[in-house]
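Here is a short report on a protein model. Look through the sequence and the structure, then read on.

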Amino acid sequence: MGPTESSGIAVPAFGTKGKLWLGLLGALIVAGLAAWGYQLSTGLIATGMRNVFSWGLYIMMFVLFVGLSAGGLIISSAPKFFHSHRYEGFARLGVLVSLACITVAGLLILPDIGRPERLYQFFTSPDFRSPMVWDFGIVMLYGTLNLWYLWLLTRRDLAAAGSRLAFGRKDTEAGRERDRKLMFWTASVALPTAVALHSVTGWIFATQIGRGDWFSPLVAPVFIAKALVSGLGLLLVVAVLADRFTRFRVDREELASLGKVLGIFLAFHVVYLLAAERLPHAWADHFGFWAITESFLIGESAYFWLWTVLGGALPLGMLAVPSLRKRVSVIVTAGALAVVGTMFEGIRLVFTGYEIANIDAAPGISLGGTYTGLTTDIWATTGSYTPTLIEIVVTLGIIAIGALIVTVGMRYVPMQQPDGQHAYATDGGNQEHERN
Amino acid sequence: MTNYGLVIDQERCIGCQACAVSCKQENNVPMGQFWNRVLTEGGDKLDTPSGGYPEDGDDGTLDMHYQPTACQHCENAPCVKVCPVNATYTRDDGIVEIDYDKCIGCRYCMAACPYNARVFNWDEPEHVPEEGTGDVEARPQGVVEKCTFCSHRVEEGLDPACVVNCPADARIFGDLDEETSTVSKYVDTYETDRLLEDRGTDPKTYYIRGEMSPGRPQTSDKLESELDDEDNDEDDDAMPYVLPAESGGGD
């Protein structure tokens, strides 16, 4: 075990628990594939979506996972961009989680597509006016960038450990020096790419004049805030779980520090941006002081409360109390709640677009479901949606692929600085520069 | 340039649903789907007015209009702009159409359309009769479809099926770029609304409300532009024979 331990591999070998975990993930993936196969044979009628409410769980979770993939990359690359050693312990795990999440997000589009076999049209006949084409491009770029970055961060250690994943690179001092510079440049590309990814995903919605709250210039900045909140929340949860179940070790100081950062992100998103979005509408729509106040403070749906209270006020409160916020259990709970809250924010966004039809005169819009022949059940004047079991199983299967990527990554890629290596991966400039 | 548009005279519309049904037949629209719907502006249910009956010698407040609603064939069509693969496009004659071979079924166009004019084939489309009706391209499971202004008829010099089959002559189809066309004249002469004008989609479907127009002038099922040549010499003799044949055959 000695050599593997010093190679920084978090999971040197899968034990009984590890194998059980892999078995569980495998079962979820197989179930998801089977459910997708069923959905392909029946059509999207197997989902809860219909003509009025034509995007559902897949798109809601796509939005969530695009956001989740932000945290890791930003925590890894922002310090490197500023030539700082901070949060070094989270850098590699962050990129691995980011890679897993963007893969999940990309895969979630597949079951949402009516004819996935025609996806090649993205290459043969793209319309560059479409925000979906922009998003397709940026998701591909971002995924590739994550893969490259993870390899760049670890390839000299992989070479030192004799791993084939080093792809022939040697562990030399000159090589490490060159990689440090490459890391700076990669970080300087990764940060704007992350901002672009979340903005473009926001613009998919924010450009649409026909769907209620979607058409708002604030949507893109809110997506950035959501990404910071949920991405960092997930990274903290995964790091603590890795600390508990693998050889990965979390630096308590850094963890507590990142907990504080999460609190700041939460305050910015759930308090400030939300208030900025709601106040003008509340003020314009109502006349009396209390009517304005009420409309400003009180949300319209359960998703709103699940997001703002369970996923906003509660974790923010936990992280605000000095005696609580250093506890690992509090940080993990707050991180998990932040992810859950962001999920409900995405669900709420999709609902606000589809619940109310702009033209809702009777009999309404034909739903396109199966006509039972008994009532006029093919019509609807409002949108309603409940995901089916098929959608849930497919989604869980895809999320399991993400978990598998993280698990396998921890088995084969060193997540932490191997013993005996001096601090590595800091700056793109060099020591001489800093001394000058 | 040709730029096709539709004028619907809501003062003439009697809410008979003939346009909705003939659209379904002509375009082989699957069970459970409608490209063209006749909505009731008034009460909560189909064919119900808002307001109340006259009581105690007062005037009643009953009010009801019919609003036939299909694709508005917008100039600034959001569905065309969002389609990632150019499956939805605007033809040179202004008709917004879908290339079903390109459509990947992402339904972004349905999110973009403020009129809910588009429907998606959630499963294998079902037709009655099973072999289908009309002379149009088949649409498989997994694609979006919608009103095409009956482009297959327009290409043959015929008015759309909903226009020809309106017994109240409430639907007038023609070239908005042609100053002398009936649609252009009606848009100039009568007070017209377009649906959700505030969204800036610039629809090419106009609704007349207030003063009733004379409606669709020709009884032939040909496009107005096609009539001009033969109109004058054929009109007097041919019309009596055309009429019964038309009402019998239908489209």
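## Salt bridges within the chains

A:Asp127 and A:Arg129 form a salt bridge, with their closest N and O atoms 3.0 Å apart. A salt bridge here is a side-chain nitrogen of Lys or Arg within 4 Å of a carboxyl oxygen of Asp or Glu. A:Asp127 is buried, at a relative accessible area of 6%. A:Arg129 is partly exposed, at 47%. Buried means under 20% relative accessible area, exposed means over 50%, and partly exposed lies in between (1.4 Å probe, protein chains only).

This is a predicted model: local features need pLDDT of at least 70, side-chain atom pairs count only at pLDDT 80 or more, and totals for chains, interfaces and linings use all residues. Residues are numbered from 1 along each chain as its sequence is written, chains are lettered from A and ligands numbered from 1 in the order in which they are written, and side-chain values use heavy atoms, leaving out hydrogens and water.

B:Arg91 pairs with B:Glu155, at 2.8 Å between the closest N and O atoms. B:Arg91 sits in the loop between β4 (88-90) and β5 (96-98) of chain B, and B:Glu155 in the loop between α4 (151-154) and α5 (161-164) of chain B, so the pair ties together parts 64 residues apart in sequence. Helices (H or I, at least four residues) and strands (E, at least two) are DSSP runs, numbered from the N terminus. B:Arg91 counts as buried, at 16%, whereas B:Glu155 is exposed, at 54%.

How many salt bridges does the whole structure hold over all chains? The search finds 23. In chain A, A:Arg92, A:Asp157, A:Asp171 and A:Arg176 are linked in a network of them.

## Where the chains meet

The contact (heavy atoms within 4.5 Å) takes 53 residues from chain A and 49 residues from chain B. The two chains bury about 4100 Å² between them, 54% of it on carbon and sulfur atoms. That buried area is the accessible area (1.4 Å probe) that two parts lose on being put together, summed over both. In chain A, A:Arg115, A:Ile209 and A:Ile359 lose the most area to chain B, together 16% of what that side buries.

One salt bridge is counted between chain A and chain B. A:Asp112 forms a salt bridge with B:Arg107, with 2.7 Å between the closest N and O atoms.

A:Gly72 belongs to helix α3 (residues 57-81) of chain A. Is A:Gly72 buried or exposed? A:Gly72 is buried, with a relative accessible area of 3%. Beyond its neighbours within four places in sequence, A:Gly72 is in contact with A:Gly94, A:Val95, A:Ser98, A:Gly231 and A:Leu235. The C-alpha atoms of A:Gly72 and A:Gly233 are 9.6 Å apart, though 161 residues separate the two along the chain.

A:Ser77 is also in helix α3 of chain A. A:Ser77 is buried, at 1%. Not counting residues up to four places away in sequence, A:Ser77 touches A:Tyr149, A:Ala187, A:Ala190 and A:Leu191.

Helix α12 (residues 328-354) of chain A has 27 residues; at 1.5 Å a residue they should span 39 Å, and the end C-alpha atoms are 40 Å apart, which agrees. The expected span is 1.5 Å times one less than the number of residues. In α12(A), 20 of the 27 residues are buried.
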